[in-house]
Amino acid sequence: MALTQQDKQKIMAEHQAHETDTGSSDLQVAMLTERINRLSQHLKANKHDHASRRGLLQIIGRRKRLLAYINKQDQQRYRELITRLGIRG
């Protein structure tokens with residue numbers, strides 16, 4: 001379920017703002033989105049895993065707060081990010 005180092009490197013390569021970027025808001029949202037997708041798949045197979053469901057809800061809340069911050073700072077960047085990640089319907 002956890003992201004491997006190779007998965008993290010791949011996500012970082014796709015979403016980094018610059019070469020040494022390891023924690024920008026956009027990158028954090030991308031990492032959280034990948035974790036959400038993996039946990040969602042896990043919960044489809046394990047419907048009674050309530051501890052993981054709670055963790056998923058916490059991750060979703062963290063991503064929601066980061067997206068609100070990005071939207072407040074730069075709406076164009078926000079729109080590009082959600083389009084690139086395929087979130088928000």
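## Gln58 in helix α3

Gln58 has its place in helix α3. The structure described here is a predicted model. With a relative accessibility of 42%, Gln58 counts as partly exposed, because partly exposed residues lie between the limits of 20% for buried and 50% for exposed. In sequence, Gln58 is 22 residues from Ile36, and the C-alpha atoms of the two residues are 10.0 Å apart in space.

Helix α3 spans residues 50-73 and also holds Arg65. The relative accessible area of Arg65 is 57%, and Arg65 is therefore classed as exposed, the limit for that class being over 50%.

## Overall architecture

The secondary structure of the chain consists of four helices and zero strands. Read from the N terminus, the order of the elements is α-α-α-α. Taken along the principal axes, the box filled by the C-alpha atoms of the chain is roughly 40 × 30 × 20 Å.

The chain has 89 residues, of which buried residues make up 34%.

## The nonpolar core

The largest nonpolar core has 21 residues, and the members that touch the most other members are Ile11, Val29, Leu67, Leu81 and Leu85. The elements that contribute two or more residues to this core are α1 (5-15), α2 (25-45), α3 and α4 (75-85). The greatest contribution to this core comes from α2, which gives eight residues.

Leu85, one of those members with the most contacts in the core, is found in helix α4. Its relative accessibility is 18%, so Leu85 counts as buried under the 20% limit. Leu85 and Val29 are 56 residues apart along the chain, and a distance of 8.9 Å separates their C-alpha atoms.

Three salt bridges are found in a search of the whole structure. One of them joins Asp7 to Arg38, with the closest N and O atoms 2.6 Å apart. This pair links distant parts of the chain, since Asp7 belongs to helix α1 and Arg38 to helix α2, 31 residues apart. Both partners are partly exposed: the relative accessibility is 23% for Asp7 and 27% for Arg38.

A salt bridge also forms between the side chains of Arg77 and Asp26, with an N to O distance of 3.2 Å. Here again distant parts of the chain are linked, with Arg77 in helix α4 and Asp26 in helix α2, 51 residues apart. The partners of this pair fall into separate accessibility classes. Arg77 has a relative accessible area of 29% and is partly exposed, whereas Asp26 has a relative accessible area of 13% and is buried.

How far apart are Arg38 and Glu34 along helix α2? The two residues are separated by about one helical turn, because they are four residues apart in that helix. Glu34 is partly exposed, with a relative accessible area of 26%.

Through salt bridges that share partners, Asp7, Glu34 and Arg38 are joined into one network.

## Positive charge on the surface

Which residues gather in a patch of positive charge on the surface? The patch is made up of Lys8, Arg35, Arg62 and Arg65. Arg65, a residue of helix α3, is exposed at a relative accessible area of 57%, a value that meets the patch requirement of over 30%.

Technical notes
Residues are numbered from 1 along each chain as its sequence is written. This is a predicted model: local features need pLDDT of at least 70, side-chain atom pairs count only at pLDDT 80 or more; totals for chains, interfaces and linings use all residues. Side-chain values use heavy atoms; hydrogens and water are left out. Patches are made of residues with over 30% relative accessible area and no salt bridge: like charges are joined within 9 Å, nonpolar side chains (Val, Leu, Ile, Met, Phe, Trp, Tyr) within 5 Å. Accessible areas come from the Shrake-Rupley method with a 1.4 Å probe; for residues, only the protein chains shown count as cover. A salt bridge is a side-chain nitrogen of Lys or Arg within 4 Å of a carboxyl oxygen of Asp or Glu. Lys and Arg count as positive and Asp and Glu as negative; His and the chain ends are not counted. The place of a charge is taken as NZ of Lys, CZ of Arg, CG of Asp or CD of Glu. Buried means under 20% relative accessible area, exposed over 50%, partly exposed in between (1.4 Å probe, protein chains only). A nonpolar core is a set of buried Ala, Val, Leu, Ile, Met, Phe, Trp, Tyr and Cys residues joined through side-chain atoms within 4.5 Å.
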